[in-house]
Amino acid sequence: MTASTVSAEAPENDARIVLTGPAATRAVRRAFSHPLASLIVVVLTVVWTVPLLGFFLNSFRDKGSVGSSGWWNWFAHPGSSTLGNYRTVLNGDGMVLPLANSLAITIPATVIPILLASMAAYGLAWVRFRGSSFIFFAIFALQVVPLQMALVPLQKYFNSGVRLGGVTVIPSFGLKGSLAEIWVTHTMFSMPLAVFLLHNFIAALPRELIEAARVDGASHLRTFRSIVLPLSTPAIASFAIFQFLWVWNDLLVAKTFGGSDASHQPVTARIQNLSGSFGAHQELLAPAGFLAILIPLVVFLALQRFFVRGLLAGSVKG
Amino acid sequence: MHPSTVILAGTASEAGSRLFGVIATVAIFLAALLVIFAVVGKVTGRFERPLTIVVLVAPAVILSVAGLVVPAIRTIVTSFTNEQAAGQKFKIVDGKLVEYKTKFIGLDNYRFDFTDSYTLHTLLRTVIWIVLVPLVTVGIGLLLALLLDRMTHTTLPRTLIFLPTAISFVGASLIWALVYNAPVYNQDGTPGTQTGLLSKIVIALGWQHPPNWILDAPGNSYLIMIVMVWIQVGFAMVVLGAALKAIPEEIIEAARIDGASGATLFRAVQIPMIRNTLIVVATTVTITSLKAFDIVNTMTNGNYSTDVLANQMYNELFVTNQTGRGSSLAVLLFLCVVPLVAYNVVQLRRERAAR
């Protein structure tokens with residue numbers, strides 16, 4: 001039975017049903033909800049929340065308690081909470097610099113791809129030229145290349161530039177050992193997805209709008225800057241959030257290009273290092289980890305709606 | 001002392017210079033763009049159009065080619081060589097330094113991947129990952145989406161279950177490492193005061209001698225998979241929930257009037273209508289599981305029989321410096337990912353076209 005016949009027949013079959021619209025929705029919802037369903041949801045919610053809660057509470061417990069008992073003992077002595085661990089990781093074991101590094105990597109790796117990709121998207125969608133659809137399709141198809149494929153060659157490039165037969169064709173611009181290695185890499189990897197997403201949006205802008213601007217004598221660059229860019233805010237916002245979280249949470253690129261130099265590690269690489277060397281300092285792991293996930297959590301809670309959109313669209317990235 | 005004052009102290013000056021560096025970088029970039037726009041904007045005549053096209057499109061094309069196309073080709077080429085570390089020129093044979101020459105060795109790396117016992121186990125474990133993780137993730141996500149779809153006051157559970165999606169895999173690994181703390185035993189072998197939640201729970205339930213969760217195979221691999229499931233379920237739930245909501249209310253209503261309820265409604269109406277979304281979510285989780293690097297690398301670094309493809313690849317490339325072999329694993333990863341990503345992207349595109 002197809003969906004359309006069901007909805008067409010229904011009113012004839014049962015004329016007693018008078019509920020329509022939201023009232024009907026609510027009635028259906030009520031009919032289907034069940035105490036068991038609520039119980040399952042509650043249990044799963046608790047299971048999903050407890051690990052994070054335990055981690056959070058552990059960050060306020062001192063060294064002795066963390067080593068000798070579980071975080072649930074916090075409930076017995078909430079008064080013993082201390083910010084000492086946070087003080088230690090922010091001073092001695094340096095989470096300040098990694099946090100600054102993460103920002104220093106994430107901001108350019110978000111802003112620059114957005115602008116370059118929206119320029120390309122506008123060019124490919126509205127300045128039609130021979131090969132424009134081929135270029136769009138090629139960039140779009142590059143999404144299948146996982147970044148794992150590019151790590152070693154890019155590392156070689158950052159080390160010594162591009163060489164052809166012993167001659168340096170492109171110098172390495174002294175990127176070696178700087179944070180730029182990481183954000184330039186992220187910028188490159190983001191191109192296929194960014195161009196794809198923004199092209200979808202920009203190509204769907206009303207034709208009259210763009211043409212009106214062109215008829216008024218605005219150049220393509222001007223039209224892009226004063227009309228297309230402002231109108232693309234929704235698409236830009238969802239891509240920006242996705243890219244920000246992706247770069248902030250990334251470990252692979254950070255580890256490959258940041259290397260073991262602690263002063264150039266973003267938070268992810270830093271807390272991973274700590275987890276190895278903190279055997280004797282279990283109590284510092286939770287506060288350091290919590291500082292590292294704080295910004296993504298805030299971004300997530302504040303901008304959940306855009307986040308969902310970006311997540312769905314960007315889910316194939318990698 | 002208030003924590004924020006602590007942030008200002010310490011390595012503040014270095015952190016400050018980093019942040020200043022970022023602002024400068026972004027500002028220089030924006031200024032350069034503005035200048036280029038201004039200069040090209042002045043150009044008229046027959047050069048206007050081609051110049052505009054170059055300014056708009058060239059940066060994205062150059063970055064994609066330099067960052068993806070060329071490196072991918074080089075990795076494929078490297079996978080057919082015996083290359084070791086980047087720049088490694090010599091090796092020791094019988095106590096003497098001899099020059100190490102990189103040469104093509106055909107399919108030897110791939111032959112190694114499929115015959116070496118350690119690598120074979122890695123590949124098998126990866127297969128278990130990409131079967132189990134998507135299955136469990138989509139299962140729980142779908143269950144939650146269906147249950148929440150029929151409830152009121154769903155904001156809190158929805159948000160809490162979705163929250164882990166924003167957490168990095170490294171952060172999640174630390175969070176779960178706390179759950180998986182090794183069980184503590186007294187001198188006489190009886191359970192002592194536990195620091196790990198899982199040990200605490202199973203001992204309370206009567207299992208007196210649980211294993212060392214992270215060190216004991218094969219259970220440890222499954223426990224690590226749980227971390228991945230924990231992160232991904234929120235994504236599955238939200239996307240499937242949105243798909244369920246998009247089913248026209250009349251269809252549900254009509255099916256109900258026809259006598260469908262509970263399980264029947266779910267099986268005969270809702271599932272077929274969100275089939276495409278289900279596949280997209282499953283393939284997406286599969287891709288993420290295939291690339292599971294961060295979690296394994298953080299929790300065990302592939303030790304204790306937990307290694308997976310993405311992690312072994314990283315170690316071959318950057319730790320043991322078997323560049324050729326590592327590249328062959330990267331190519332294998334690529335070959336597995338291609339059909340999944342291609343399917344997803346095409347599906348996404350079709351959906352967009354339909355809208």
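Author: Let's begin with a term: a nonpolar core is a set of buried Ala, Val, Leu, Ile, Met, Phe, Trp, Tyr and Cys residues joined through C-beta atoms within 7 Å. Buried, in turn, is said of a residue with 20 or more other C-beta atoms within 10 Å of its own; 12 or fewer makes it exposed, anything in between partly exposed, and the C-beta atoms are placed from the backbone. Keep in mind that this is a predicted model, where local features need pLDDT of at least 70 and side-chain atom pairs count only at pLDDT 80 or more, while totals for chains, interfaces and linings use all residues. Residues are numbered from 1 along each chain as its sequence is written, with chains lettered from A and ligands numbered from 1 in the order in which they are written.

Now the core itself. The largest one has 167 residues, and those with the most contacts inside it are A:A117, A:A120, A:V195, A:L198 and B:L240. Its top contributor is helix α6 of chain A (residues 96-126), which gives 19 residues; helices here are DSSP runs of H or I with at least four residues, strands are E runs of at least two, and both are numbered from the N terminus.

Zoom in on A:V195. Skipping its neighbours within four places in sequence, A:V195 is in contact with A:A117, A:A120, A:A121, A:I139 and B:A60. Contact here means that two C-beta atoms, placed from the backbone, lie within 7 Å. There is also a second, separate core of 5 residues, B:I252, B:A255, B:L265 and B:V269 among them.

How do the chains meet? Their contact takes 107 residues from chain B and 106 from chain A. On the chain B side, helix α3 (residues 48-78) gives the most, with 19 residues. That side of chain B has 70 nonpolar, 24 polar and 13 charged residues. For those classes, Ala, Val, Leu, Ile, Met, Phe, Trp, Tyr, Cys and Pro are nonpolar, Asp, Glu, Lys and Arg are charged, and the others, Gly among them, are polar.

Finally, chain B as a whole: you'll find 15 helices and 2 strands in it. Of its 355 residues, 42% are buried. Among chain B contacts between residues at least 6 apart in sequence, 63% join residues at least 24 apart. The C-alpha atoms of chain B fill a box of roughly 70 × 70 × 60 Å along the principal axes.
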